[in-house]
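Colleague: Could you walk me through how to read salt bridges and burial in a model like this one?

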Amino acid sequence: MASEGSTKAVITAMFANLGIAVTKFIAAALTGSSSMLAEGVHSLADTSNQALLLLGGKRAKRPATPKHPFGYGRERYVYAFIVSIVLFTLGGLFALYEAWHKWSHPEAITNWHWVPIAVLLIAIVMESYALRTAVVESNRVRGRQSWSEFVRHAKAPELPVILLEDIGALLGLAFALAGVSLTLATGDGRWDAAGTAMIGVLLVVIAVVLAVEMKSLLVGEGAAREHQLAIQRALPGDGIDAIVRLRTLHLGPDELLVAANVAVAPTATAEAVADAIDAAEHRIRAAVPIATIIYIEPDLTSEKNPPLS
């Protein structure tokens with residue numbers, strides 16, 4: 001369900017941004033507005049980013065191989081990290097360069113005065129719809145988390161990326177609308193350049209936030225606290241007295257590796273230990289379905305090897 005929601009939000013945003021990019025480039029060509037050009041590149045970058053997210057999701061579904069025995073789930077993180085780079089370079093840096101160029105050589109908008117305003121208003125409506133879709137799909141999996149917590153702690157990268165991009169797109173449109181409107185009102189092209197600069201700074205900030213979050217997922221994050229607690233409750237049972245050590249690692253948004261040392265009775269037979277471990281694995285998978293790979297090692301507790309508190 002979460003994966004389907006992510007895909008729906010990505011596809012909605014991709015087609016919205018593709019249509020918006022075309023109209024912005026046409027408006028930029030007709031009016032010479034740097035804000036419209038920066039916004040066109042911004043929408044083009046967003047469109048390519050959403051295509052990258054879809055590609056990453058498809059490649060992550062490939063089956064495990066001898067070279068990649070744990071599968072390709074983390075490819076979703078790789079492509080999401082590439083998205084942050086594209087947003088930083090193609091979106092943010094281009095906008096800042098264009099702002100500097102237009103500030104040095106300001107040009108008033110002398111033709112097709114109504115075009116940029118109309119395009120920006122239409123774009124705001126389309127982006128608002130894309131953001132609404134992302135919000136609705138995020139609410140299905142967000143639970144009681146605040147929005148900042150959801151962006152910071154979500155293991156699936158698509159929805160947080162789309163949320164930040166759509167919010168950034170709406171703010172960028174507001175900056176462009178302000179810059180273009182003031183340029184039309186005053187005849188001073190530096191207002192247009194200022195709006196472009198604000199768009200550039202906004203995109204750089206969003207790109208940095210995305211890069212930091214995706215880097216953490218790429219390095220490897222453990223299970224969410226609720227999953228960690230569920231595993232700790234599920235592990236002890238017949239033949240397993242306590243947990244000695246527990247480690248978890250996300251191999252992908254929907255794939256969790258669980259490794260545990262558990263205390264067994266010193267007199268337990270090998271058959272009894274094997275049965276206890278099999279039962280524990282079933283309990284873990286029932287409690288946390290995304291625990292796809294589980295390694296449980298029998299151990300004995302001692303002063304140097306105390307049970308997990």
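Colleague: Is Asp254 buried, exposed or partly exposed?

Modeller: Go by relative accessible area: buried is under 20%, exposed is over 50%, and partly exposed is in between, with a 1.4 Å probe and protein chains only. Asp254 has 43% relative accessibility, so Asp254 counts as partly exposed. Bear in mind that this is a predicted model, where local features need pLDDT of at least 70, side-chain atom pairs count only at pLDDT 80 or more, and totals for chains, interfaces and linings use all residues. Residues are numbered from 1 along each chain as its sequence is written, and side-chain values use heavy atoms, with hydrogens and water left out.

Colleague: Which residue does Asp254 form a salt bridge with?

Modeller: The test is a side-chain nitrogen of Lys or Arg within 4 Å of a carboxyl oxygen of Asp or Glu. For Asp254 the partner is Arg76, with the closest N and O atoms 3.5 Å apart. This pair links distant parts of the chain, 178 residues apart: Asp254 is in the loop between strand 1 (242-252) and strand 2 (255-263), and Arg76 is in helix 3. Helices (H or I, at least four residues) and strands (E, at least two) are DSSP runs, numbered from the N terminus. Arg76 has a relative accessible area of 10%, so Arg76 is buried.

Colleague: How many salt bridges are there in the whole structure?

Modeller: A search finds 10. One of them pairs Arg62 with Glu75, with 2.2 Å between the closest N and O atoms. Arg62 sits in the loop between helix 2 (34-60) and helix 3 (75-104) while Glu75 belongs to helix 3, so the pair ties together parts 13 residues apart in sequence. Arg62 is partly exposed at 30% relative accessibility, whereas Glu75 is buried at 14%.

Colleague: What separates Arg285 and Glu281 in helix 9?

Modeller: About one helical turn, because they are 4 residues apart in helix 9 (residues 270-287). Arg285 is partly exposed at 34%, and Glu281 is buried at 18%.

Colleague: Which residues are buried in helix 8?

Modeller: In helix 8 (residues 225-234), they are Ala230, Ile231 and Ala234. Look down the axis and take the directions from there to the C-beta atoms to get the arc. The buried residues of helix 8 fall within an arc of 100°, so they line one face of the helix. On the other side, Arg225 and Arg233 are exposed.

Colleague: What covers the buried residues of helix 8?

Modeller: Contact means heavy atoms within 4.5 Å. The cover includes strand 1, strand 2 and helix 9.
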